[in-house]
Structure formats: C-alpha cells, structure tokens
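Please read this briefing alongside the sequence and the 3D view. Take it one topic at a time.

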Amino acid sequence: MSHTALILMELGAIFVSLALLGRLAGKIGISPIPLYLVGGLFFGHGGVIDFTGLENFTRITSEIGVVLLLLLLGLEYSAKELVNGLRQSWFAGLLDLVLNFSPGAVMAWALGWGPIAALVMGGVTYISSSGIIAKVLTDLGRLGNRETPVILSLLVFEDLAMAVYLPVLTTVLAGFSFATGAQTVGISLLVVTLVLVIALKYGRAVSTIVDSDDQEVFLLTVLGAALLVAGVASTLQVSAAVGAFLLGIAISGSTATNATRILEPLRDLFAAMFFAVFGLNTDPSTIPPVLGWAVVLALVTTVTKIAVGWWAAKNQGIGVPGRARAGTSLVARGEFSIVIAGLAVASGAVEPELAAMATAYVLLMGIFGPVLTRLAEPALRLLQRKSAVPAGGRAR
Amino acid sequence: MNVDETPLPGIGVRKEITTASGRRIGIVTQRDGQTELIVSRQDDPDAAMASIPLTVDEAATLGNLLGAPRLVAQLTDEHRDLPGVNTRQFLIETDSRFDGLTLGDTEMRTKTGVSLVAIIRAGKVLPSPTPDFGLTGGDLLVAVGTSKGLDAAANIIQQG
C-alpha cells in the first residue's frame with residue numbers, strides 16, 4: 001500500500017470514528033467535545049490503534065481549528081456587547097477570575113510542576129465553555145430567564161480576559177523573561193483596546209472590506225483574512241488565536257452572521273480534529289495517576305463556579321432557584337480549556353502530566369457541568385421539601 | 001407601555017413587558033432570526049415557563065390576534081351613537097377557500113350588506129381595502145354592519 005493511500009485511510013477512519021462519537025453524544029444529549037477527546041486517546045500514542053505519518057497534517061489542522069474556534073467566538077459578539085458586558089459584570093468577572101484561576105494554579109504548584117504550569121492550569125480551570133453553555137441554555141429553554149443575561153455577560157468577560165491571557169501565555173511558553181511578558185501584556189491590552197475602538201467606530205468599514213455577495217469569494221476572503229491576521233499576531237507574540245478573535249469582533253452585523261453560517265461547518269471539522277489530536281498526543285496510561293487530583297480539582301472548581309454565578313445572580317436581584325441555575329450553568333469547561341492546555345503542550349514547556357490532567361478535567365467538567373445544571377432545579381426543590389418535613393416532625 | 005430590552009450577547013436580544021398581574025411576557029429574537037415567545041413562571045418569576053419557537057407566519061398571526069381587539073373596541077366606541085351598527089373581526093384561516101382570492105371574491109357587501117373597513121396583516125392595520133385586495137391566510141378582516149349581516153358574513157368566512 002502506498003504512503004498516500006495509507007494516510008487517506010487513516011484520516012477517513014478518524015473522521016468516521018469522530019462522526020460516530022458525535023452521534024453518540026447527540027443521542028445521550030451531551031457535548032461532543034469530551035467524546036472527541038476520548039476518541040483521540042483511543043487512537044493515539046499508547047492507545048488501541050497507533051496512527052503514524054499524520055503528524056504534520058494533524059499539527060496544521062489543529063492549529064487552524066484553534067484559529068477558527070476563536071474567530072467564530074469573536075464573530076458571535078459585537079464590540080458593543082463586549083463593552084456593555086465588561087461594564088456590567090467587571091466585578092463579578094474579577095471574582096470569577098480569582099476564584100476559578102486559583103484552584104488550578106495552586107494544584108499545579110502543589111504538584112511541583114512549576115510556575116509556567118500553574119499559569120496554564122489556572123487558565124484551564126478558569127474559563128467556562130461558552131459553546132457548551134450557550135447550547136445548554138437554548139436546549140433547556142432558559143433564554144427567557146432573568147439570570148441568563150448574567151451568565152452571558154460573565155462569559156463575555158471571560159472571553160475578553162482570554163484575549164489578554166493568551167498573549168501572556170504565549171510569551172511565557174516561548175521562554176521569554178518576565179520583562180518581555182509584562183511588555184506583551186501592555187501590547188495586547190493596547191491591541192485589544194484599539195480593535196474594540198476600531199470595531200465600535202469603523203466596524204461597518206471592516207465588514208464592507210471582507211463582505212462579498214459571492215459565497216465562494218466570501219468564504220475565501222474571511223478564511224484568508226483570519227489566517228493572515230493569526231499569522232501576523234503570532235509573529236508579534238500576541239498569539240494566533242487572539243488575532244483571529246479580534247478579527248471576529250471587528251466584523252459585525254449581517255456580515256458577521258453570514259460569516260458564522262459559512263464558517264460553522266469548517267470550524268466543526270477543524271475543531272473536532274483539534275480535540276482528537278489533543279487526545280491523540282496524550283498517552284492514556286498517564287491519566288490514571290492524575291485522575292484523583294483531577295477529581296479533586298473538578299469538585300473544587302464546581303463549587304467556586306457555582307459561588308460566582310450565585311453571587312452575580314443575587315447581585316441582580318434574582319431569587320434562589322435562579323441563582324442555582326446561574327451557578328450550575330457556568331460549571332461546564334470545554335473547548336477553551338483544551339485550547340490553553342494544547343498551546344502549553346505544543347510548546348513543550350510543561351510536564352506531560354499536564355495534558356493528562358487537562359484531559360481528565362475537561363472530560364469530567366464537559367460531561368457533568370451540563371448534567372448538573374439540568375438537575376439544579378429538581379435538587380433544590382427536593383432540598384426545600386426535605387427541610388420542610390423535619391420541621392413538621394419536630395413539632396409533633 | 002414599558003418594553004424592557006435585554007441584550008443576550010452571542011445569542012440575540014430579548015424584549016419583554018411586565019403585565020399588571022406581574023408576569024413577564026415577551027419574545028427572544030435569536031441572531032439567525034428565529035423568534036421565541038416567552039412567558040414567565042408564576043412560582044419563580046425569574047424563570048420562563050414556556051419558550052415557544054414561532055415561525056414568521058405564526059408570529060404575524062399572533063400579532064394580529066392580539067392587535068385586533070383594540071381596533072374593534074375603538075370602532076365600536078365610535079359607532080356607539082349609531083344604534084344597530086356593530087363591529088366584528090373575522091380570521092382568514094390558512095386552509096380557507098379565500099386564501100389567495102381577492103376581497104371582491106367574498107362578495108361580502110352584496111350578500112350581507114356588511115362593510116369591511118380594515119384588514120390587519122402582520123400586526124399592521126390596512127384601512128379601507130379595495131375589492132381587488134388579495135387575501136392570505138392569517139389576515140384579520142374588520143367588518144362593520146348589523147348583527148344579522150355580521151352573522152351572515154361569519155357564515156361566508158367559515159364556509160370558505
């Protein structure tokens with residue numbers, strides 16, 4: 001069998017398997033991301049089947065996957081929504097950052113993985129999955145709920161925080177000194193502000209430049225622009241993903257809606273590949289030793305996320321059931337935790353155990369987060385009934 | 001009436017009113033244009049009891065149904081000094097014979113003496129329609145006439 005034929009068959013097998021996993025996820029009503037990770041684990045180094053010869057292809061596809069994930073995230077928001085979200089939820093956002101970054105960072109530190117791994121694991125536990133959460137809110141018919149805007153503006157804050165965090169992470173991973181790191185923070189804050197201002201004032205102009213009535217031309221323009229911007233951003237040490245995110249923000253209105261529609265299938269393809277590749281590069285035998293710690297981390301960060309959502313909802317005058325819904329909705333972690341861990345693992349600057357830890361953690365949070373928020377209301381009702389019964393019993 | 005507009009970043013926008021009975025009712029418009037009707041729950045006012053996806057046609061028809069009584073009330077009020085003159089509304093259903101025909105085809109005036117003074121479509125009032133006005137399903141006809149005439153008109157529309 002020729003080399004090309006072998007590679008085509010390997011790729012085909014991977015895509016078909018991912019499709020089966022996606023179908024399974026749809027059947028049991030969970031996000032496919034955790035299952036893609038499992039799929040990757042299954043195929044990769046130390047897995048059941050060891051694929052070879054795909055490294056170059058998978059490296060590029062997963063890079064593009066990250067760029068598309070962030071581009072579409074940027075397209076979802078208009079600059080106005082971001083600025084409003086920041087204004088409304090900055091305090092809850094900061095609380096979220098402190099409470100949910102610390103557990104990951106502390107655990108990495110305690111395990112002796114060093115400061116870089118602490119920075120990475122903090123990011124992994126901090127960022128909720130806006131993809132999973134938006135889907136769960138829509139599926140559970142919670143778009144009309146009063147706590148929903150609270151949840152969404154927290155997600156907006158997190159996504160903006162990513163735009164500052166990722167460049168810092170990229171510099172640190174590349175082994176630059178603290179001074180260079182601080183400089184990058186300055187540059188990225190400047191760039192983010194600049195892009196927001198441009199998007200607010202001249203968003204229409206940016207949209208007009210990339211817009212086209214011809215679907216094919218439009219697709220090529222948006223994709224090309226995203227990769228170019230990502231490349232330039234990467235050269236400037238601002239992180240390719242953030243470049244794509246900012247381009248997404250700058251494109252607005254109907255152009256953004258069209259771009260989302262046309263790029264969604266591509267994003268799904270490349271992102272699925274990215275998750276699978278992350279699993280592929282993780283040796284399954286490294287997971288059991290860190291599994292216990294991953295469970296501890298999952299429990300702690302479930303509590304901290306619920307606390308943030310609870311507090312933010314209470315602050316907006318929302319009742320107890322709404323606070324429980326808000327808190328539990330935020331628990332799901334997914335795509336961006338893997339993006340962060342993926343960047344770290346690719347740079348080789350962290351322990352390989354970190355990949356195993358991140359995989360186990362996202363598996364837990366991606367699956368149990370949505371389940372938890374589904375159960376929040378019935379559980380609360382049960383609790384209230386239980387607390388009512390003993391009171392009556394004591395009286396007798 | 002105060003309409004609360006809440007942006008839902010990344011999803012769309014929610015517009016709602018709070019009724020005198022304390023319930024929130026409104027719509028969520030998603031970015032892809034999909035509209036959902038939302039009604040808040042009685043026991044938990046923060047939550048939505050129902051969130052019902054509506055097609056463009058369904059939303060327009062619902063708008064007609066809600067908007068028409070107000071117009072009819074107004075007309076009735078104006079006719080109060082004319083004894084024997086009433087106002088009533090008729091819905092053209094989507095499977096009606098008149099869906100696609102013109103107003104003239106109903107021969108309403110000839111057969112019943114009733115005047116059609118307005119048509120409500122997609123929440124808009126179209127006053128004084130001409131006989132060549134094309135009807136479609138979901139239209140609400142506002143008719144003015146005697147009780148007897150209006151009963152006859154109702155029969156024509158229902159048989160349609």
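This is a predicted model: local features need pLDDT of at least 70, side-chain atom pairs count only at pLDDT 80 or more; totals for chains, interfaces and linings use all residues.

Chain A comes to 15 helices and zero strands. Chain B comes to three helices and nine strands. The two chains bury about 1700 Å² between them.

**Chain A: overall build**
- Chain A has a radius of gyration of 21 Å, and it agrees with the value near 21 Å for a compact globule because that is what the rule gives for 396 residues.
- Its C-alpha atoms fill a box of roughly 80 × 55 × 45 Å, taken along the principal axes.
- Of the 396 residues in chain A, 52% count as buried.
- Take the contacts in chain A with a sequence separation of 6 or more: residues 24 or more positions apart account for 83% of them.

**Chain A: surface and charge**
- Chain A exposes about 17500 Å². Carbon and sulfur atoms supply 69% of that area.
- There are 23 positive and 22 negative side chains in chain A. The centres of these two sets lie 18 Å apart.

**Chain B: overall build**
- Read from the N terminus on, the elements of chain B run β-β-β-β-β-α-β-α-β-β-β-α.
- The C-alpha trace of chain B spans about 55 × 35 × 25 Å along its principal axes.
- Chain B has 160 residues, and 38% of them are buried.
- Now take contacts in chain B between residues at least 6 apart in sequence: 45% join residues at least 24 apart.

**Chain B: surface and charge**
- The accessible surface of chain B comes to about 9000 Å². Carbon and sulfur atoms hold 54% of it.
- Chain B carries 15 positive and 21 negative side chains. The centres of the two sets lie 3 Å apart.

**Where the chains meet**
- The size of an interface is often given as the accessible area lost when the parts come together.
- Here, 23 residues of chain A are in contact with 20 residues of chain B.
- The area buried between chain A and chain B is about 1700 Å², and carbon and sulfur atoms give 54% of it.
- Which residues of chain A lose the most area to chain B? They are A:L143, A:G144 and A:R146, together 31% of what that side buries.

- A:S234 is found in helix α9, residues 215–235 of chain A.
- A:S234 has a relative accessible area of 38%, so it counts as partly exposed.
- A:S234 touches A:S239 and A:A240, leaving aside residues up to four places away in sequence.
- A:S234 and A:L169 are 65 residues apart in sequence. Their C-alpha atoms are 12 Å apart in space.
- A:A240 is one of the buried residues of α10 in chain A. Others listed there include A:F245, A:L246 and A:I249.
- Helix α10 covers residues 240–250, and eleven of its eleven residues are buried.

**B:T106 in chain B**
- B:T106 is found in the loop between β6 (86–91) and α2 (108–112) of chain B.
- Is B:T106 buried or exposed? Its relative accessible area is 1%, so B:T106 is buried; the cut-off for buried is under 20%.
- B:T106 touches B:F98, B:L135 and B:I156, again not counting residues up to four places away in sequence.
- B:T106 and B:A153 are 47 residues apart in sequence. In space they are 9.2 Å apart, C-alpha to C-alpha.

Note on methods. Residues are numbered from 1 along each chain as its sequence is written. Chains are lettered from A and ligands numbered from 1 in the order in which they are written. Side-chain values use heavy atoms; hydrogens and water are left out. Helices (H or I, at least four residues) and strands (E, at least two) are DSSP runs, numbered from the N terminus. The radius of gyration is taken over C-alpha atoms; the globule rule is 2.2 Å times the number of residues to the power 0.38. Buried means under 20% relative accessible area, exposed over 50%, partly exposed in between (1.4 Å probe, protein chains only). Contact means heavy atoms within 4.5 Å. Accessible areas come from the Shrake-Rupley method with a 1.4 Å probe; for residues, only the protein chains shown count as cover. Lys and Arg count as positive and Asp and Glu as negative; His and the chain ends are not counted. The place of a charge is taken as NZ of Lys, CZ of Arg, CG of Asp or CD of Glu. Buried area is the accessible area (1.4 Å probe) that two parts lose on being put together, summed over both.
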